[in-house]
Amino acid sequence: MKRAVGKIEEFLEIGGTKREIVLLILSGIALLISIFDLLPLPFNAAWVAILLCGIPIILEAFVGLVTAFDIKADVLVSLALIASVCIGEDFAAGEVAFIMQLGALLEDLTVAKARAGIEKLVHLTPQTARLLKNGREEIVPAQEIKVGEILRVLPGETVPVDGEILLGQTSVNQAVMTGESLPVDKGPGDQVSSGTVNQFGAFEMKAAKVGEDSSIQRMIRLVQSADAGKAKIVGLADRWATWIVVIALSAALLTWLATGEVIRGVTILVVFCPCALVLATPTAIMAAIGNATKHGFLVREGDALERLAKVTRITFDKTGTLTCGIPEVTETRSVLEDYSDQEILRLCAAAEQLSEHPLGKAVVRCSRQRDSKALGEAENFQMLPGRGVSCTVKGKKLMAGSRKMLEEAGIAVPQQAQKDIQGCLNQGGTVIYLSVNGQMAGYLMLSDTLRAESREMIGRLKEMKVEPVLLTGDNEKAAQAIGGSIEIREIHAGCLPEDKLNWIGKYQEMGETVCMMGDGINDAPALKKSDVGIAMGGIGSDIAVEAADIALVDDEVRELPHLIAMSRKMMLTIKCNLTFSMGLNFLAIVLAITGVLNPVVGALVHNAGSVLVIVNSAFLLTWRQRQ
């Protein structure tokens, strides 16, 4: 018996959406031939629909009953099909099978399987490492590294395990773990995490956490556990299936016994088939997905909009979500009368033009955007990892970098400049000091800039009674500066991936429905854990998009309030559809009991109900929230 059931399950899994569409087209044509008697066939053409659409329904119902005594809507449909065929009402059987398979197709198109993006996370894990042993460098598999061993990491390479830098100065891109927009300078004694990228400057490190204990492996486990804990919404027709089957069978049997007419009992089974009920949810979801697509959202999980309608709290990553994710020169100051602010920017860009550091590249980019003048050739260029750069441009000795670089060169920072710079640092920015011919000439502040639409978007969310929360891996000052400027009251800074996961879990334990919006690999576990995950599709990482239920393709966060409002409108439409379909079913049952409807007319009536449900759902395609 188990082998037979297994074969049936294999049969049900053969093919896919394209096959279902072809079968539905053939079945639809056959039903038209049957009702209008278009071709002289030796059999009723409706049998094509019965075989192509009805047999899979009967098999699936059989498998569910035998393997798990699982009573779904297809059990009642199977009974109606068999009863209609037994009394010769072939068209009614074919029409019911066709409508049910149409509903199943719509559900297949809207409810996608969850894709965790685990494979792409695994690919981030370095496969090899440079092991230093007995004064020699040896390439070995990363999984063979042991705690305490000494490794070398070259510029551009990914750190293979967690550990501590012993020798060398560099800058590390930690976005994979913290989401920070700016690289972090590292030197002896500093910790580095697996999966982060060494920007420049080779360094030697001592392995501390390896294998399954490493940061990137912990990230993979977080994503897996978060995905497993997310509940999926069950179709309403299947949720009520047991009661529908009991009521339908009881009504049909009692009517048959009371009137002695089996056709009335069969008609009850036909009109009680939950076709409109099955179509009520997926048609509204499909129309809502179409609406969302027009506004830049790609809905990857069919039931995500159902969950989104219930959201009471939305957590945001900062970098790349509320901000642009690209460092910009936000302030330029000269401390010498001989130089204007614009000249300070140009001189700093001239010094940084050969630099590989992301901040140096940002300075050069911003200078060229604001001023078309040539920077001049940098001579005697020297780069000091973790400090800055020095060179000679047009006879001027330039140094651009950290305050420590200036102090080591014996260059003092004026008292007033120190106060102004501290104010810049309190806003969460990074400062580059510039000296000319051994004297401090000025400084630049770089920071991640707020998206123009973020403030308006947060305000509209609050009007909708959705509370915004900032969860970021950035430092406290940067988080408070951004969060405060757009009036987000709840801010959690310095969050690692597990911290974001824990905060979302706490909100869920409080009974809140939580949406998470982020763009980075470090956001993937939180996107999975939240009730609804929304990833930035343009600037965001592939792994964040894979972990999310919805992707914002064009990164226009101003459309987020519309998406939430539209999801609530979708749920209202679904409730209207359900109320109408159930009301029509019960009315049709009364008419079937009194003999007013026969199976064919009953099938047409509930078919008309299905059409009205589809039409009502279609209005969602063009719906727009009034502002």
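**Entry 1: helix α18**

What covers the buried residues of α18? I began my notebook with that, and a word on the source comes before the answer. I am working with a predicted model, where local features need pLDDT of at least 70 and side-chain atom pairs count only at pLDDT 80 or more, while totals for chains, interfaces and linings use all residues. Residues are numbered from 1 along each chain as its sequence is written, and side-chain values use heavy atoms, with hydrogens and water left out.

Now the answer: the cover includes β12 (323-334), β16 (430-436) and β17 (439-450). The names come from DSSP runs numbered from the N terminus, with helices being H or I of at least four residues and strands E of at least two. Buried stands for under 20% relative accessible area, exposed for over 50%, and partly exposed for what lies in between (1.4 Å probe, protein chains only).

I then looked up which residues of α18 are buried, and found Ala 417, Ile 421 and Cys 424. They sit on the same side of α18 because they cover an arc of only 50° around the axis; the arc is that of the directions from the helix axis to the C-beta atoms. An α-helix has 3.6 residues a turn, so residues three or four places apart point the same way. On the other side of α18, I found Gln 415 and Lys 419 exposed.

I also checked the length. Helix α18 covers residues 415-426, twelve residues, and reaches 17 Å from its first C-alpha to its last, close to the 16 Å expected at 1.5 Å a residue. The expected span is 1.5 Å times one less than the number of residues. After α18 comes Gly 428, with a positive phi near 90°.

**Entry 2: helix α16**

Which elements do the buried residues of α16 pack against? I noted β12, α15 (341-352), β16 and β17. The buried residues in α16 are Leu 359, Gly 360, Ala 362, Val 363, Val 364, Cys 366 and Ser 367. Helix α16 (residues 358-370) has 13 residues and reaches 19 Å from its first C-alpha to its last, close to the 18 Å expected at 1.5 Å a residue.

**Entry 3: positive phi values**

Most residues other than glycine have a negative phi, and most peptide bonds are trans. I wrote down two residues with a positive phi. Asn 437, in the loop between β16 and β17, has a phi near 55°. Lys 465 has a positive phi of about 65° although it is not a glycine. Lys 465 lies in the loop between α19 (454-463) and β18 (467-471), and it is exposed at 69% relative accessibility.

**Entry 4: the cores**

Of its 87 residues, Phe 316 and Ile 550 touch the most other members. Helix α24 gives the most to this core, with 13 residues. A second, separate core of 28 residues includes Val 329, Tyr 339, Leu 345 and Val 363.

What does Ile 550 touch? Not counting residues up to four places away in sequence, I found Phe 297, Leu 298 and Val 299 among its contacts. A contact here means heavy atoms within 4.5 Å. Ala 535 is another contact of Ile 550; Ala 535 belongs to strand β21 (residues 532-536) and is buried at 0% relative accessibility.

**Entry 5: Glu 559**

Is Glu 559 buried or exposed? I found it buried, with a relative accessible area of 15%. Its place is the loop between β22 (550-552) and α24 (560-593). A polar contact of 3.2 Å joins the side chains of Glu 559 and Arg 624. A polar contact is a pair of N or O atoms within 3.5 Å; within protein, one must be able to donate a hydrogen and the other to accept it, and residues adjacent in sequence count only if both atoms are side-chain atoms. Glu 559 also touches His 295 and Phe 297.

**Entry 6: the whole chain**

How many disulfides does the structure hold? I found zero, taking a disulfide as a pair of cysteine sulfur atoms within 2.5 Å. Cys 324 is partly exposed at 30%, whereas Cys 515 is buried at 0%. Last, I noted 25 helices and 22 strands, and 53% of the 627 residues count as buried.

Key. Core = buried A, V, L, I, M, F, W, Y, C linked by side-chain atoms within 4.5 Å.
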